[in-house]
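Please open the model in your viewer and keep the selection tool at hand. The stops below say what to pick next and what can be found there.

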Amino acid sequence: MRRKRLVEITMCVMAVAGLWPASVFAQATLTWQQVEDKFEAANPTLRAAQLDVDESRAAEITAYLRPNPSFTFLTDGTQLVPFEGVWQPFIGTDFSPGVSYLHERGGKRELRRDSAGQATTVAQSNYSDQERSLLFNLRSAFVQVLQEKAVLQNARDNLDYWDRELGVNRNRFNAGDLAQVDLNRLELQRVQFETDLETATVSLRTAKIRLLTLLNDRTPIEQFDVTGPYNFTDLPMPIEDFRKMALETRPDLRAAMQSVELAQINHRLAIANGSADPTFATWYSKNPSFNNPFDQHTIGASVSIPLRIFDRNQGEKARTQIDIGRNEELRDATQAAVFSDVDSAYWTLIQALNLLDPYMTKYLPLAEDNRNRISISFQNGGASLLDFLEAEKAYRDTRLAYLNLIGAYLNAAAQMNMAVGREVL
């Protein structure tokens, strides 16, 4: 009875599953924007960098805190041993609670606040720069998946084409129009297409694994896919415009400039720390041992000022002054690196475009036309088998080179986005 009931439940579950839409079991196909959003929300390295900014922001609270007052409680005048037969230990005990406070001069507290705030600003720019680098890696991984998908589709198309050729030539062999040795060579050539297909399949899986790792995603490879245009366009602006945008938006250059400002604030703080800070104190005394026998309740006050004779914070003043010059040099070096990155990415793009245009307009159509002509000629006995195999290999190599050139262009475009500091291509 229980077994019959279990069978009925299983059949019901299968029937309900059959009513589910096919999208439940479909692949998760993401666009570039969806991949970028998922990356920013899930990548642990990026989240850890954001926590650095949060830590720096918390340090601003500490930097602007006032010094805590100090509370002291003193007793004196307690009789230790009897004298002339009299021992009254607490009759002359003096109780003195007191409060002291360090007063900071020279705007030290405000300068510490400004220094911590500027450090947070630098941390935010460093976070943006780390995000820029990670997004470049993400974009490269995304492009790699698109490229491997194109290569895989090309391998499938080549295999399908070759199977059609084999079908035609098998009919020729059966009709006595083709020698057995030539058919065998055509059959053996198929292993190259199968190898290309398997290699492309493995490469696509590897590219997806890399992208999933950056996304911190555990989705099975079979259920994960991306989509996007796999083509190229002309450059929208000259190199000078790319340089100008990079100077305005590059976060590492912005961080270098902000570091100069931070060094200047720290130098002013070092100068302020060389000033003397007085400590004010006040106390109350009960039953003090003064000359006035009627003075049972008293109040006192004091001011303590350190004499900055030897230590006037000379070392920190000199170090922070040197640090200003060091950060200025780093700023200039970063600016030179910005120009270098933009120029390198620009000319890489130009090179890819200079090759892609003739491939698309001339070489790829020529290789396909040549393959088709020689294929027809071979089927009619006007071309040798070697000519046919060479034409097929030339087309396959040209097509693969064209797809790889598109991938090189898209990677160069990602490099330009990284060089500028935001997406422009």
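Is Asn313 buried or exposed? Select Asn313 to begin: it is buried, since its relative accessible area is 16%, where buried means under 20% relative accessible area, exposed means over 50%, and partly exposed is in between (1.4 Å probe, protein chains only).

Before going on, note that this is a predicted model, in which local features need pLDDT of at least 70 and side-chain atom pairs count only at pLDDT 80 or more, while totals for chains, interfaces and linings use all residues. Residues are numbered from 1 along each chain as its sequence is written, and side-chain values use heavy atoms, with hydrogens and water left out.

Stay with Asn313, which is found in the loop between E6 and helix H8 (314-379); helices (H or I, at least four residues) and strands (E, at least two) are DSSP runs numbered from the N terminus. Although Asn313 is not a glycine, its phi is positive, at about 60 degrees. Most residues other than glycine have a negative phi.

Next, select Asn216, in the loop between helix H5 (180-215) and strand E4 (224-226). Asn216 is not a glycine either, yet has a positive phi of about 55 degrees, and with a relative accessibility of 33% it counts as partly exposed.

Now colour the strands E2, E3, E5 and E6, which in that order form an open sheet with antiparallel pairing; two strands pair if DSSP finds at least two bridges between them. Strand E2 (70-76) and strand E6 (297-304) stand at the edges and have a single partner strand each, so one side of each is left without a neighbour in the sheet. Within the sheet, strand E5 (residues 279-286) pairs with E6 over 8 bridges, and Phe280 stands opposite Val303 in E6.

Finally, select Val35, Leu138, Leu186, Leu211 and Met416, the residues with the most contacts inside the largest nonpolar core, which has 78 residues. Such a core is a set of buried Ala, Val, Leu, Ile, Met, Phe, Trp, Tyr and Cys residues joined through side-chain atoms within 4.5 Å. H4 gives the most to this core, with 18 residues.
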